[in-house]
Amino acid sequence: MASASLGISTISVYRRLRVAVLSTGSELLSYKASRDESGHIRDSNGPYLRAALRQLGFDATTLGIVEDDHREFEEIIRKALATGRHYAFITTGAVSVGKLDFVEEGLLNLDATIRFHRVAVRPKYPVLFALVPSDERKLGSEQHVPFLCLPGNPMATVVCFHFLTISYLRFLHDQREEAPIHAQLNSTDPASPSTSIIFRKTDHLRVFWHGTLN
Ligand SMILES: Nc1nc2c(c(=O)[nH]1)N[C@H]1C(S)=C(S)[C@@H](COP(=O)(O)OP(=O)(O)OC[C@H]3O[C@@H](n4cnc5c(N)ncnc54)[C@H](O)[C@@H]3O)O[C@H]1N2
Ligand code: MOO
């Protein structure tokens, strides 16, 4: 409206940031799958991330679900990098320290630089951030593609997305930081009926539990 009123008919805009989303876990089924086998759970992180990214104005594409196999993971990432279409990748799961937590190994096999792995906050403790080189990509002068690898626990995925990923994607898009919303708790006493939010701090971690704000 402002441009039209000033007679400005063309303006320069940023291309929407294209982000690829990949869920890891041999236990995962597509949320669209009609079968419901025991021992399987539906991929809720993938559809959540795609919807949240689109709502924020980013282009989200899905790379689907990958089994707990670092070779398969590397293959999917290599192919996706070769298209030069994705400015950033978000993966979920397999970033902790179990035998099947292969994301770090897979990224290192792709010559990644791990910028950090783990933050002292729970949920989101095992989150990993890496830069992966790609000779093939056609994304201007950028030499590296950022990988935001979020823990699989769906609540940790949501927290990591909101408190780490969005600000980084906004930074890539030259957008300003979102202003935080400040709320006041009536009491931080976990036993108080006025609040069911519980804060706890261990020696090395700040821990937030689920709760509601009265
Ligand atoms: N020895 C340790 N074990 C764990 C630690 C630790 O510090 N030392 N940290 C724990 C924390 S905290 C978290 S969070 C989890 C994160 O582990 P991963 O990122 O490797 O996640 P997964 O094991 O793959 O999955 C965790 C949980 O979430 C379910 N999941 C995974 N992906 C999806 C999805 N797309 N949709 C729905 N649900 C999903 C998965 O089935 C698991 O139940 O590590 C702890 N362990
Ligand atoms: O830090 Mo994990 O992210 O407890 O859920």
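1. A polar side-chain atom of asparagine 153 lies 2.7 Å from an oxygen atom of ligand 2; such a polar contact is a pair of N or O atoms within 3.5 Å, and within protein one must be able to donate a hydrogen and the other to accept it, with residues adjacent in sequence counting only if both atoms are side-chain atoms. This is a predicted model, in which local features need pLDDT of at least 70 and side-chain atom pairs pLDDT 80 or more, while totals for chains, interfaces and linings use all residues. Residues are numbered from 1 along each chain as its sequence is written, chains are lettered from A and ligands numbered from 1 in the order in which they are written, and side-chain values use heavy atoms, with hydrogens and water left out.

2. Lysine 124 uses a polar backbone atom, 2.6 Å from a ligand oxygen, and arginine 122 a polar side-chain atom, 3.2 Å from a ligand oxygen.

3. The surroundings of ligand 2 (residues with a heavy atom within 4 Å) consist of Arg122, Pro123, Lys124, Tyr125, Pro126, Asn153 and Ala156. By class, this shell has four nonpolar residues, one polar and two charged. Here Ala, Val, Leu, Ile, Met, Phe, Trp, Tyr, Cys and Pro count as nonpolar, Asp, Glu, Lys and Arg as charged, and the others, Gly among them, as polar.

4. Asparagine 45 belongs to helix α2 (residues 45–55). Helices (H or I, at least four residues) and strands (E, at least two) are DSSP runs, numbered from the N terminus. The side chain of asparagine 45 has a polar atom 2.8 Å from the backbone oxygen of glycine 152, and a polar contact of 3.3 Å joins it to the side chain of threonine 157. Asparagine 45 counts as buried, because its relative accessibility is 7% (buried is under 20%, exposed over 50%, partly exposed in between; 1.4 Å probe, protein chains only).

5. There are six aromatic pairs, meaning rings of Phe, Tyr and Trp (its six-membered ring) with centres within 6.5 Å; planes under 30 degrees apart are stacked, over 60 edge-to-face and the rest tilted. Tyrosine 48 and phenylalanine 161 pair edge-to-face, at 6.1 Å between centres and 80° between planes. Because tyrosine 48 is in helix α2 and phenylalanine 161 in helix α5 (residues 154–172), this pair ties together parts 113 residues apart in sequence. Tyrosine 48 is partly exposed at 26% relative accessibility, whereas phenylalanine 161 is buried at 1%.

6. Phenylalanine 129 and tyrosine 168 are also edge-to-face, because their ring centres are 5.1 Å apart and their planes at 70°. Ring pairs link Phe116, Phe129, Tyr168 and Phe171 into a cluster.
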